Amino acid sequence: MGFLSAASAPARELRVADTHPQAYPTVQALEHMGRLLAERSNGRLTLKIFHSRVLGEEVETIQQTLAGALEMTRVNLTPLNATIPETIVASLPFLFTSAAHMHRVVDGPVGAEIGRAFEAHGFVLLAYYDSGARSFYTHDKPIQRPADLKGLRIRVQQSPLAEAMVAALGARPTPLAYGQVAVALKTRLIDGAENNLPSYHDAGHYLAAGHYALTEHVMAPEVLMMSKRVWDQLPAADRALIRQAAADSVPEMRRLWAEREKIAARALADAGIVPVAVDKAPFQAAMRPVYDRFAATPALKDLVRRIQATR
């Protein structure tokens, strides 16, 4: 079908939230999507992007999107784990072996299946975006084996899965909103945290916690999703335009993300910080109770199996 929709359909501004700053790859991808959508609809459909936590943290923008007060939001999978069980699987530690493996999964039938699960909970999944690989960083010593984490207060995302993962490694999980981490590191409320390399650099966490260990324990994608209440009110032609523009923003996001990782690595090297490789096997071995607890149903176990079998 062509990209032009019915001329009689009304103009509509679609509001989308992202907690990251404007220069971040996810926000840049949304801007790319907005340009495509405006072009293909002859200016009738536009995106208004609220970045930098203008509309609150991700938990808040999820609620706004569910209610239809906000048309779309870009979020991490973690805040969705309690509501959409399938998102737990994609958030499991050491599930994806590389970014390429994650891309093959989310671009294929398993990704589509997880996406369909969103609709029963009031959302329509439009795109999977990258979030890099999360690794541990600490104040006083590098993390080279699980024993190095014993007793440390490690900031985690506010989710039972993230807490269980860190606890299984012997650390003391400390759930905090992302915006609170820099101060918590500086004041030593926590001994360390875990995140991807660009976030570690861009948020200034490296200034307080200079040891970054490449555990790469989680490679969960982030998602762009739309309110199903809003979606159900749109004409089919507009839905097609939105889906295609979102899909076409993914390669741009991945390109920008790869560039951002290189930029962060160079900047950290200039600051004297070089991430340290570790043997991941002992960390992965400690995750068995986490899998037993969070991928406990036959359906979720099967989802894990199919992801691990994806080549």
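A: Let's sort the residue classes out before anything else. Ala, Val, Leu, Ile, Met, Phe, Trp, Tyr, Cys and Pro go down as nonpolar, Asp, Glu, Lys and Arg as charged, and everything else, Gly included, as polar. Keep in mind, too, that this model is predicted.

Now to the second largest pocket, which holds about 320 Å³. Its lining is made of 16 residues, and those nearest the centre are Val 106, Leu 125, Leu 126, Ala 127 and Tyr 128. Sort the lining by class and you get nine nonpolar, two polar and five charged residues. Where do they come from? Helix 5 (109-117), strand 4 (123-129) and helix 10 (236-270) each put in at least two, and strand 4 gives the most, with five.

How do we find such spaces at all? Roll a probe the size of a water molecule over the atoms, and it shows where empty space remains.

Next comes the largest pocket, with about 380 Å³ of space. Here 23 residues form the lining, and Glu 58, Asn 76, Arg 155, Gln 157 and Tyr 178 sit nearest the centre. Helix 2 and strand 3 (72-76) are the elements that give two or more residues to this lining. By class, the lining splits into six nonpolar, ten polar and seven charged. Both domain 1 (12-131 + 220-267) and domain 2 (134-219 + 271-309) supply at least three of the lining residues.

Let's follow helix 2 (58-67) back along the chain. In the loop between strand 2 and this helix you'll find Ser 52. The phi angle of Ser 52 is near 60°, positive even though the residue isn't glycine. Ser 52 counts as partly exposed because its relative accessibility is 35%.

Asn 42, another residue other than glycine, has a positive phi near 60°. At 63% relative accessibility, over the 50% cut-off, Asn 42 counts as exposed.

Helix 1 brings us to Leu 30. Is Leu 30 buried or exposed? Its relative accessibility is 0%, so Leu 30 counts as buried. Setting aside residues up to four places away in sequence, Leu 30 touches Val 16, Asp 18, Leu 47, Ile 49, Arg 74, Tyr 129 and Leu 224. And although Leu 30 and Val 250 are 220 residues apart along the chain, their C-alpha atoms are separated by 9.4 Å.

Terms used. Residues numbered from 1 in each chain as written. Predicted model: local features only at pLDDT ≥ 70, side-chain atom pairs only at ≥ 80, totals over all residues. Heavy atoms only, no water. Buried < 20%, exposed > 50% of the residue type's maximum accessible area, 1.4 Å probe, protein only. Helix = DSSP H or I, 4+ residues; strand = E, 2+ residues; numbered from the N terminus. Contact = heavy atoms within 4.5 Å. 1 Å grid on protein atoms, 1.4 Å probe; cavity = no way out; pocket = protein on both sides within 12 Å on 5 of 7 lines; lining within 4 Å. Points joined across faces, edges and corners; volume = space filled by probe spheres on them. Domains from an automatic or database assignment.
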